[in-house]
Amino acid sequence: MRSCVAFIAAMLLFCTPVFGQSYDLLTRADSGDVYAQVMLGDMFSAGEGVDQDYAEAARWYRIAAKRGVAKAQLSLGLLYSKGQGVKQSIEIAYQWASVAAAQGAEDAIEALDSLSGQLDVETLDRAQQLATSCLESRYAQCEG
């Protein structure tokens, strides 16, 4: 139900006339609109209005995540945690969740608890280093 609401919201927000032209979601995402990028990620992840395609969801989330969007960072991390559309990596999942949590995303803080429980001490240390590098580089040196 939640994804249906997201799809309807996308259609209302992004398929409306703007300055006399009708812009679709893909056009807006391609032009750099991070909200459209996240919405496309959500749609491809859920298969709402498009064929479900986790790799395409990851692609759109990654673009927005590297632009600092916490929701996209967490969503990309969750795809890594499950190996959906990307090669499964709890370390990379932890990195993205940690970056989102650093921006105050409460869902990301909860995800970190779950992810850290899946890592041994050495791997957790590497994952934390990945997150630090990602944050310090302003998302330019993030894995995944």
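User: How many disulfides does the count come to here?
Analyst: Happy to start there, and please keep in mind that this is a predicted model. The sulfur atoms of Cys134 and Cys142 are 1.8 Å apart, which lies within the 2.5 Å that the rule asks for. The count therefore comes to one disulfide.

User: Is the disulfide of Cys134 and Cys142 right-handed or left-handed?
Analyst: The torsion about the S-S bond is what settles this. For Cys134 and Cys142 that torsion is about 70°, so the disulfide is right-handed.

User: Are Cys134 and Cys142 buried or exposed?
Analyst: A residue needs to be under 20% relative accessible area to count as buried. Cys134 has a relative accessible area of 0%, and Cys142 has a relative accessibility of 9%. Cys134 is therefore buried, and Cys142 likewise counts as buried.

User: How confident is the predictor in the protein chain, as a mean pLDDT?
Analyst: In the protein chain, 84% of the residues reach a pLDDT of 70 or more. By contrast, pLDDT stays under 50 over residues 14–22, and the model has 19 contacts beyond four places in sequence for that stretch. For the protein chain, the mean pLDDT is 88.

User: What share of contacts between residues at least 6 apart in sequence join residues at least 24 apart?
Analyst: Let's begin with burial: the protein chain has 144 residues, and 43% of them count as buried. As for the contacts between residues at least 6 apart in sequence, the share that joins residues at least 24 apart is 48%.

User: Which helices do the buried residues of H4 pack against?
Analyst: Helix H4 covers residues 54–65, and its buried residues are Ala57, Ala58, Trp60, Tyr61, Ala64 and Ala65. Residues three or four places apart in an α-helix point the same way, because there are 3.6 residues a turn. The buried residues of H4 pack against helix H2 (25–30), helix H3 (34–46), helix H5 (70–82) and helix H6 (90–102).

User: How far does H4 reach from its first C-alpha to its last?
Analyst: H4 has twelve residues, for which 16 Å is expected at 1.5 Å a residue. At its start, a side-chain oxygen of Asp53 comes to within 3.1 Å of the backbone nitrogen of Ala55.

User: How far apart in space are Ser75 and Tyr61, C-alpha to C-alpha?
Analyst: Ser75 lies in helix H5 and is buried, with a relative accessible area of 12%. Its side chain reaches the backbone oxygen of Lys71 at 2.9 Å. Ser75 and Tyr61 are 14 residues apart in sequence, and their C-alpha separation in space is 6.9 Å.

User: Which backbone nitrogen does the side chain of Ser137 reach?
Analyst: Ser137 is found in the segment after helix H8 (121–136) and is buried at a relative accessible area of 19%. Its side chain reaches the backbone oxygen of Ser133 at 3.0 Å. At 3.1 Å, the side chain of Ser137 also reaches the backbone nitrogen of Ala140.

User: Is Arg138 buried or exposed?
Analyst: Arg138 lies in the segment after H8, and its phi is near 60°, a positive value in a residue other than glycine. Tyr139 is in the segment after H8 too, with a positive phi of about 80°, and it is buried at 16% relative accessible area. Arg138 has 69% relative accessibility, so it counts as exposed.

Terms used: Residues numbered from 1 in each chain as written. Heavy atoms only, no water. pLDDT = per-residue confidence, 0-100. Contact = heavy atoms within 4.5 Å. Helix = DSSP H or I, 4+ residues; strand = E, 2+ residues; numbered from the N terminus. Expected span 1.5 Å × (residues − 1). Buried < 20%, exposed > 50% of the residue type's maximum accessible area, 1.4 Å probe, protein only. Polar contact = N/O pair within 3.5 Å; in protein donor to acceptor, adjacent residues only side chain to side chain.
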